[in-house]
Protein chains: 2
Amino acid sequence: MKMKHKGILIVVSGFSGAGKGTLMKQLVHTYDNYALSVSMTTRSPRPGEEEGKEYFFVSKEAFEEKIAQEGLIEYASYCDNYYGTPRDYVERQLEKGKDVILEIEIQGALKVRKKFPTALLMFVMPPGAAELKKRLEGRGTESLEIIRKRLMRAKEEAEGIEQYDFIVINDKLEECVDKMHSLIQAAHFTPNRNEEFINNMRKELEELI
Amino acid sequence: MKMKHKGILIVVSGFSGAGKGTLMKQLVHTYDNYALSVSMTTRSPRPGEEEGKEYFFVSKEAFEEKIAQEGLIEYASYCDNYYGTPRDYVERQLEKGKDVILEIEIQGALKVRKKFPTALLMFVMPPGAAELKKRLEGRGTESLEIIRKRLMRAKEEAEGIEQYDFIVINDKLEECVDKMHSLIQAAHFTPNRNEEFINNMRKELEELI
């Protein structure tokens, strides 16, 4: 009897400036078993953004049809545009046994957990708030006011950390990628993600007695 | 700012014949950061058993005094004898940052979790029920009736698996020890085991805004 690992849906949240994007790309690049979910949006592509890479770009009508068909795991609107996670790609990858990663903020993360009770919620943080501020300043493109707004937003997001399964400190990228991988591997060994194995064990015991 | 890892209290349960004892000894032997808790009992030492190694052997009066002083994390009586986990050793090791391992069955495990909400509960299983039976028979010392009783006991214990944080399949010893270690390492990154780090982050953010 073998444990069959079904794919896990992994939701990554964290402060803006914590380095989530780089981390996720590096994780998918370094290890085999991950698939990155691509969101759908009604906003226009920015220069350099490619269809199906950063986002699937669709019209408002197409997005609303997707909602009506329950084709999205979660969605939200932000600055007059919709953003959501298409269900079909995620389910296809999970069935193949892939762990699927999506990046969304806390409200979306909690919605995902309602639909996928075995989803794994990870919260990425910089090693400290001062480091976060330094990273936000380091981009060199933002005004003090915007940095202050981001820090306030981080403070709000920090309220929800207890809802997550794991916190991940992004200090050194490589180390953090390995850590993230090992946390996800560990999550495969919880009882709720191995119901089939446990039920088979119970059945086998029953038959032997 | 650094995450300070406090020690975790690790409770190991599992079927008789799953190899818990060997596994725990090997874990403590292979990795540095573990301490094995020694139970206290009122039963008499068996030939070869040493005071403070297999158990602390005490009188019924001494045990009941310990109960009265709240000096035990959990205790139970079985076949007219008391068995319990002395609190002082466990707390001393946890304060040193050691992860402390105890082996107890499910009722005890749930009592421990009530007193130590961050305790990590692990359930050890053989790769299958047939393998379990083979191991029980392999000892060569037990009658068919006793093996049947053990299998029935295993079936009962299997009812509680969902209460545990992780299941561990003991197929190959070395692999299983490494797996157990990596699951415990992962458990250090849950929010409830890093309250201090999270609260410091919140305070720092507050001060920067």
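Author: Gladly! Let us start with a term: two strands pair if DSSP finds at least two bridges between them. Keep in mind that this is a predicted model. In it, A:Val12 stands opposite A:Glu103 in β7(A).

Reader: How do you know that β1 and β7 of chain A are paired?

Author: Four bridges join β1 (residues 9–14) to β7 (residues 99–103) of chain A. The rule asks for at least two, so these strands count as paired. They run parallel.

Reader: Which strands make up the open sheet, and in what order?

Author: The order is β2-β7-β1-β8-β9 in chain A, with parallel pairing.

Reader: What makes β2 and β9 of chain A edge strands?

Author: Each pairs on one side only. From one strand to the next, the twist averages 30°.

Reader: Why is the meeting of A:Lys155 and B:Glu206 called a salt bridge?

Author: Their side chains meet at 3.7 Å, N to O. The cut-off is 4 Å between a Lys or Arg nitrogen and a carboxyl oxygen of Asp or Glu, so this pair qualifies. Between chain B and chain A the count is four salt bridges.

Reader: What area is buried between chain B and chain A?

Author: About 3800 Å², of which carbon and sulfur atoms give 74%. B:Phe189, B:Arg202 and B:Ile209 supply 17% of the area that chain B buries against chain A, more than any other three residues.

Reader: How many residues are in contact there?

Author: There are 41 residues of chain B in contact with 41 residues of chain A.

Definitions and conventions. Residues numbered from 1 in each chain as written. Chains lettered and ligands numbered in written order. Predicted model: local features only at pLDDT ≥ 70, side-chain atom pairs only at ≥ 80, totals over all residues. Heavy atoms only, no water. Helix = DSSP H or I, 4+ residues; strand = E, 2+ residues; numbered from the N terminus. Axes fitted to C-alpha atoms, helices over the stretch in contact; angles between N-to-C directions. Contact = heavy atoms within 4.5 Å. Buried area = accessible area lost by both parts, 1.4 Å probe.
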